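Here is a friendly walk through one chain, written for someone who likes to know which residues pack where. Have the structure open while you read.

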Amino acid sequence: MDNSLDWIHVENIENQMAKTMFKTQLHDGEVEVMILAKEKNADTVIIDDANAKKHAKYLKLPVTGTIGVLIKAKRQGYISELKPVIQKMIDKNIYISEKLMKLCLEQVNEEM
């Protein structure tokens, strides 16, 4: 597996005025991700905030969260185990409920 990040490209939104159409309850980064996804006709938008996900779904954007990306990575063989990755996230103070962790691990045939 290639560990370089040359496949990541930073893009700026073209329509800065579109940011004003979103409610103030969203962070600028989330708003810009959604605008950019619309501008670029993105395949998937990765958003973890529940409120931002609702807005993305309202805009008919295909949305997933970080855990969804990790589940896909496990299924496609990019990572061998999901549990240690989730545990590292928890260790870094990213909140993941035990119920969600169990549900995710079940989807990839891992045990708590």
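Let's begin with Ala56, which is buried, at a relative accessible area of 0% (buried means under 20% relative accessible area, exposed over 50%, partly exposed in between, with a 1.4 Å probe and protein chains only). This is a predicted model, in which local features need pLDDT of at least 70 and side-chain atom pairs count only at pLDDT 80 or more, while totals for chains, interfaces and linings use all residues. Residues are numbered from 1 along each chain as its sequence is written, and side-chain values use heavy atoms, leaving out hydrogens and water.

Ala56 sits in helix α2 (helices, H or I of at least four residues, and strands, E of at least two, are DSSP runs numbered from the N terminus). Leaving aside neighbours within four places in sequence, Ala56 is in contact with Met34, Ile47, Leu61 and Val63, where contact means heavy atoms within 4.5 Å.

**The chain as a whole**

Five helices and two strands make up the chain's elements, and they follow the pattern α-β-α-β-α-α-α along the sequence. Of the 112 residues, 28% count as buried.

Which residues make up the largest nonpolar core? The twelve are Ile13, Leu26, Val31, Met34, Ile35, Leu36, Ala37, Val45, Ile47, Ala52, Ala56 and Leu61. A nonpolar core here is a set of buried Ala, Val, Leu, Ile, Met, Phe, Trp, Tyr and Cys residues joined through side-chain atoms within 4.5 Å. Helices α1 (28–40) and α2 (50–58) each supply at least two residues of this core, and α1 gives the most, with five. In soluble globular proteins, nonpolar side chains tend to be buried together.

Beyond its neighbours within four places in sequence, Met101 is in contact with Lys83, Ile86, Gln87, Ile90, Ile96 and Met112.

Two C-alpha separations are handy for orientation:

| Residue pair | Apart in sequence | C-alpha to C-alpha |
|---|---|---|
| Ala56 and Glu30 | 26 residues | 9.2 Å |
| Met101 and Leu82 | 19 residues | 9.6 Å |

**Helix α3**

In helix α3 (residues 66–75), Ile67, Leu70, Ile71, Ala73 and Lys74 are buried. Seen down the axis of α3, these buried residues fall within an arc of 160°, so they line one face of the helix; the arc is that of the directions from the helix axis to the C-beta atoms. Helices α4 (83–91) and α5 are included in what covers them. On the other side of α3, Lys72 and Arg75 are exposed. Just after α3, Gly77 takes a positive phi of about 85°.
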